[in-house]
Structures are given as C-alpha cells and as structure tokens.
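Colleague: I would like to learn how to read a model of this kind, feature by feature, and I would be glad if you took me through it slowly.

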Amino acid sequence: MTDASDTPQALDGLVVLDLSRILAGPTATQMLGDLGATVIKVENPKTGGDDTRGWGPNYAMDTDGQATDLSAYFMAANRNKESISVDLSTQNGQDTVRALAARADVVIENYKPGGLEKYGLDHETLCAAHPALVYCSISGFGQTGPNRDQPGYDLMAQGYGGIMSLTGAPDGPPMKVGVGIADVMCGMYATIGILAALRHRDATGEGQHIDLSLVDAQMAWLINEGTNYLTSGKVPERRGNAHPNIVPYDAFACADGHILLAVGNDAQFVRFCDAFGLDDIATDPRFLRNLDRITHRVELTSIIAGKLAEFSADQVLEKLHAVKVPAGPIHSVEQALNSNQAKARDSVVEIPAQNIESGTVKLLGNPLKFSRTPVQYRHAPPRFGENTQDILKRYGLDDEKD
C-alpha cells in the first residue's frame, strides 16, 4: 500500500466539488481523489447525507461498539474525500455551493435533469459564471431523449441497456450482474470524460459540460455482443458462462468443484486435447477451427465436460497450466481477496480512521500502479459533515455558513 507522503500525484492541486451520491458519481470522484485531487463531497443535512450511508448491514463500528454512518457500501466509493453539510434548499446553502464552485476545477452531480436549476447550480448557470469549469452531469437516461425525466438506478439501467438479457443460465430468467456494474462503469466513463475535458481546458482555457447517462454507458459496454447484433441482426442469447465467439470458453465441473477453461485459439485447443488424451477430438473435422467448434458447441462441450469430471479441479488446472492453456479457479470473494496475488498487488488496503473501533478501515485498493505519481490513500471515507468547518475556513466562507 502507498501511504500519504511527499510523493507528487497526477492530480495534485485539482479541486472537485462533488454533488453526487449513491455509486456512479462517487466512483468517479473517488478515482479522482485517489489520483490526488481534493474532493469536497456536499451532503444534505436533511437526509443524513449520501443515501448509501444507511445501506447496511455491515458498518464500521465506533469506539463504543456502535454502528457509525460508514456503511460498507458507502466506504466502497468515498475514500479520499472531505464531507461538508450543506442544505441546498436554503439561500445560504446555495451561496456556499456557488462559492465553492467558483474555486473548483470540476463539478460533478447526479440530480435529475433540471433538478439544480431552481438552486442556480445547474451547468448553464455555473459554466456561464466560470467559463473554465468542467461540469459533469450523470443521470439515468441523459439530459435529452424521451426518458430524460425517468429516475435511474443501476438495476433499471442493466435492464434497459440489454445486459440482463445476456446474463444468467440459458433456461433461466434475465439476471443482473452481481454488483452495480452499470453504476461503476458509468463512473469510469465519467472519470475519463472529466480528464479529457481538463486536458482541453488546460490547452484552451475552455471548460465544458459533460452529459453522461447510466443507460448510454451500459449500452456502450455491450461490446462484442452489441456489435454481434449490429453485424448480424440476430438477437444475442443467454449462454451462462459460455462465450458467444469462442469454444470452449466456459465453467466446467470437476470431481470436486468447478474450473474455468478459456481456449482462445486453435493451437491452444490442440494442446488441451493432448493434455487429456483427446487426440481424436483434436483432429475431428467438427472441431478443427474455432468456427467449427462454435457450430458444434453442444457436442464438444458434452465431451469436455465428461472428461474433466474424471479429475479433481487441482489436477485439471495443473495439466492445463503445464501446457499453457488458459484456465483458472472460481474463487469466493474471501478466496479472491486473501489470495497471494491480491496480497502482492495491494488489492486490499487498510487506512487509518479516527473514532473507529479498530482504528482502521479495510477497503478495496485502486488497481492503477503508477511509476511516478502513485495512488495514495490520504483519507478514510468521511463521517457525515465532518469537514464542514475546515472547508468553510479554508475557502474563507466562515461567515456564510448556516
């Protein structure tokens, strides 16, 4: 883990005003914070802050053994931020946010389209007042289109955007991905868009508005299945763990569990067959090329399943690794996060946290490894409003607070 130090970070000096909540926006601002930006998270005192503070179970406990407002869900996307309590329904609250926006490089929000206009905090108002400002709006369906005013949650985005129709067993119901992947990927697109807009601003002095939606982002990462449909006109179908364009590429049962097999080319298929004494399969015209194997997917999958079931998972993986055929285990979350690889790559980090029973919080690490400007974990996820006075003082707003 890289601790806070004098090592420079890529986004040192950048100020981000975060008006977002839940997951998509906070994912983006956490990434910016990890890269060195100062992130000011604006939270509503009427609701107790970001909705996810109450999305338990699983909370960090205080020194008295009581649950705090740091739910595991909230902590997943809110480190390296400061929290300020501001009531946007008041004139003073609106003035405070406007004053902070004047000092910020980036504003990010995920209100319903038009929802900030009544406060004078919408992109048109703030960008007109501050032409160099990069303002990113995240919503369910975007600022335009017939569904503009519909609320957007990850589940609805996964359903509307098509990914649920591809996820799950072939004979089962449509299934969402196990985590809020539409939110997370939208947050990643937001990060990329913000960094691109900052590059443009630094070159020209011009800020701009970024309009991003959960559904747009989700459709964009349909990737090969989306282009499969656009190319053929055929609607993709659910295949469980199987791949639409590669065979064999699936989960297979062994004598004592399951493994993953991913044969990416014809040479790997020959080596796979050799490892398990399936030489006749390797030379069978039905299976010579990947296109042939796709055509005869059912027959080949049945043969492979029967053979692998004769061996333990460890035996199968040992044989396949020996001949350099891609294969791997199916870990539980516990196994993944405690693996030797996770430990070597700092996939789990422990950050000091004041007034927490354990004195620290454990979080998932940032996967980016920089040679010059490493990620730093400067702040644990903040308690609601804990930095209000410090932020007001820092920006000379002491006399403007509620």
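Predicted model: local features only at pLDDT ≥ 70, side-chain atom pairs only at ≥ 80, totals over all residues.

Colleague: Let us begin with a helix, then: how many Å should the twelve residues of helix α3 span, and what separates its end C-alpha atoms?

Modeller: The expected span of a helix is 1.5 Å times one less than its number of residues. For helix α3, residues 91–102, this gives 16 Å, and because the end C-alpha atoms are 16 Å apart, the two values agree.

Colleague: Which residues of α3 are buried, and what covers them?

Modeller: Buried means a relative accessible area under 20%. In α3 this applies to Gly-93, Gln-94, Thr-96, Val-97, Ala-99, Leu-100 and Ala-101, and the elements that cover the buried residues include the strands β1 (15–19), β2 (38–43), β5 (82–85) and β6 (106–109), together with the helices α4 (123–129) and α16 (388–394).

Colleague: How should I think about the nonpolar cores, and which residues have the most contacts inside the largest one?

Modeller: In soluble globular proteins, nonpolar side chains tend to be buried together. Here the largest nonpolar core has 45 residues, and Val-16, Ile-138, Ile-194 and Val-361 are those with the most contacts inside it. Helix α6, residues 181–204, gives the most to this core, contributing six residues. Apart from that core lies another, of 25 residues, including Val-15, Val-97, Leu-116 and Tyr-135.

Colleague: What is Ile-138 in contact with, once its neighbours within four places in sequence are left aside?

Modeller: Ile-138 is then in contact with Ala-24, Gly-25, Ile-108, Glu-109, Asn-110, Tyr-111, Cys-186, Ala-190 and Leu-212.

Colleague: Turning to a helix pair, at what angle do the axes of α5 and α6 cross?

Modeller: Crossing angles from 65 to 115 degrees count as roughly perpendicular. The axes of α5, residues 154–161, and α6 come within 7 Å and cross at roughly 90°, so α5 is roughly perpendicular to α6. Where they meet, Asp-154, Ala-157 and Gln-158 of α5 face Ile-181, Ala-182 and Asp-183 of α6 in contact, and by class this contact has three nonpolar, one polar and two charged residues.

Colleague: Is a loop residue such as Ala-380 buried or exposed?

Modeller: Ala-380 has its place in the loop between β13 (360–364) and α16, and it counts as buried because its relative accessibility is 15%. Not counting residues up to four places away in sequence, Ala-380 touches Arg-79, Lys-81, Ile-351, Pro-352, Ala-353 and Val-361; the C-alpha atoms of Ala-380 and Ala-353 are separated by 5.7 Å, with the two residues 27 apart along the chain. Thr-52, in the loop between β2 and β3 (59–61), is buried too, at 0% relative accessibility, and Thr-52 is in contact with Ile-22, Ser-71, Tyr-73 and Phe-74 when its neighbours within four places in sequence are left aside.

Colleague: Finally, which backbone angles should I look at?

Modeller: Look at omega for the peptide bond from Gly-56 to Pro-57, which is cis with omega near 5°, and for the bond from Val-247 to Pro-248, which is cis with omega near 0°. Look also at phi for Ile-223, which is positive, near 35°, in a residue other than glycine; Ile-223 lies in helix α8 and counts as exposed at 57% relative accessibility. Lys-324, not a glycine either, has a positive phi of about 55°, and Lys-324 is exposed, with a relative accessible area of 66%.

Note on methods. Residues numbered from 1 in each chain as written. Heavy atoms only, no water. Helix = DSSP H or I, 4+ residues; strand = E, 2+ residues; numbered from the N terminus. Buried < 20%, exposed > 50% of the residue type's maximum accessible area, 1.4 Å probe, protein only. Contact = heavy atoms within 4.5 Å. Core = buried A, V, L, I, M, F, W, Y, C linked by side-chain atoms within 4.5 Å. Axes fitted to C-alpha atoms, helices over the stretch in contact; angles between N-to-C directions. Parallel < 35°, antiparallel > 145°, perpendicular 65-115°, else oblique. Nonpolar A, V, L, I, M, F, W, Y, C, P; charged D, E, K, R; others polar.
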